[in-house]
Amino acid sequence: MKRLTRKEEELMQALWKLERAFVKDVIELLPEPKPHYNTVSTVIRKLVSQGYLGHEDFGGTHRYFPKISKEGYQRQFLGDSMAAYFDNSYKNMVAFFAREKKITPEELKDILKSIENGGE
């Protein structure tokens, strides 16, 4: 699975949320300024050809749906980032976020409690 571009990820986020949608439905979820219909349609067709999306035919239009789960994509992306930036170490990753002040001590305590409780 290859890393998606920012635009592709934005469209996938909308489709993961909608589950099944026409191009116009996807556009409604996108932030302003809204991209042109043809632009969104082209990117969606590319995602279909890459295997990320499937579609159902309804006469002259298509309804699209994700063929990969959001969690599956996150797992792959996080794994790639872990290898490339954190030497495959979750400890290094958490330490990075702590140094950057992106995670609070309270959040770290909650994570530790979750780990101690078996991920609950």
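Contact here means heavy atoms within 4.5 Å. The structure is a predicted model, in which local features need pLDDT of at least 70 and side-chain atom pairs count only at pLDDT 80 or more, while totals for chains, interfaces and linings use all residues. Residues are numbered from 1 along each chain as its sequence is written, and side-chain values use heavy atoms, with hydrogens and water left out.

**Glutamate 8**

Glutamate 8 belongs to helix H1; helices (H or I, at least four residues) and strands (E, at least two) are DSSP runs, numbered from the N terminus. Leaving aside residues up to four places away in sequence, glutamate 8 touches Lys2, Val43, Lys46, Leu47 and Gln50. Its relative accessibility is 2%, so glutamate 8 counts as buried. The cut-offs are under 20% relative accessible area for buried, over 50% for exposed, and partly exposed in between (1.4 Å probe, protein chains only).

Helix H3 covers residues 37–49, and because each of its 13 residues is taken at 1.5 Å, it should span 18 Å; its end C-alpha atoms are 18 Å apart, which agrees. The expected span is 1.5 Å times one less than the number of residues in the helix. Val40, Ser41, Val43, Ile44 and Leu47 are the buried residues in H3. Viewed down the axis of H3, these residues fall within an arc of 165°, so they line one face of the helix. The arc is that of the directions from the helix axis to the C-beta atoms. An α-helix has 3.6 residues a turn, so residues three or four places apart point the same way.

The buried residues of H3 pack against helix H1 (6–18), helix H2 (23–29), strand E1 (53–58) and strand E2 (61–66). For H1 and H3, the axes come within 10 Å and cross at roughly 85°. Axes are lines fitted to C-alpha atoms, for helices over the stretch in contact, and angles run from 0 to 180 degrees between N-to-C directions. H1 is therefore roughly perpendicular to H3; angles of 65 to 115 degrees count as roughly perpendicular, under 35 as roughly parallel, over 145 as roughly antiparallel and the rest as oblique. On the H1 side the contact is made by Glu8, Leu11 and Met12, and on the H3 side by Val40, Val43, Ile44, Lys46 and Leu47. By class, this contact of H1 with H3 has 6 nonpolar, no polar and 2 charged residues.

**Helix H4**

Helix H4 has 16 residues, which at 1.5 Å a residue should span 22 Å; its end C-alpha atoms are 22 Å apart, which agrees. Gly72, Tyr73, Ser81 and Met82 are the buried residues of H4. Among the elements that cover them are H1 and H5.

**Backbone features**

A cis peptide bond, with omega about -10°, joins glutamate 32 and proline 33. Proline 33 is in the loop between H2 and H3.

| Residue | Phi |
|---|---|
| Glycine 51 | near 90° |
| Aspartate 87 | near 50° |
| Asparagine 88 | about 55° |

Glycine 51 follows H3, and aspartate 87 follows H4. Aspartate 87 lies in the loop between helix H4 (70–85) and helix H5 (90–99), and asparagine 88 is in the loop between H4 and H5. Aspartate 87 counts as exposed because its relative accessibility is 65%. Asparagine 88, at 56% relative accessibility, also counts as exposed.

Key. Nonpolar A, V, L, I, M, F, W, Y, C, P; charged D, E, K, R; others polar.
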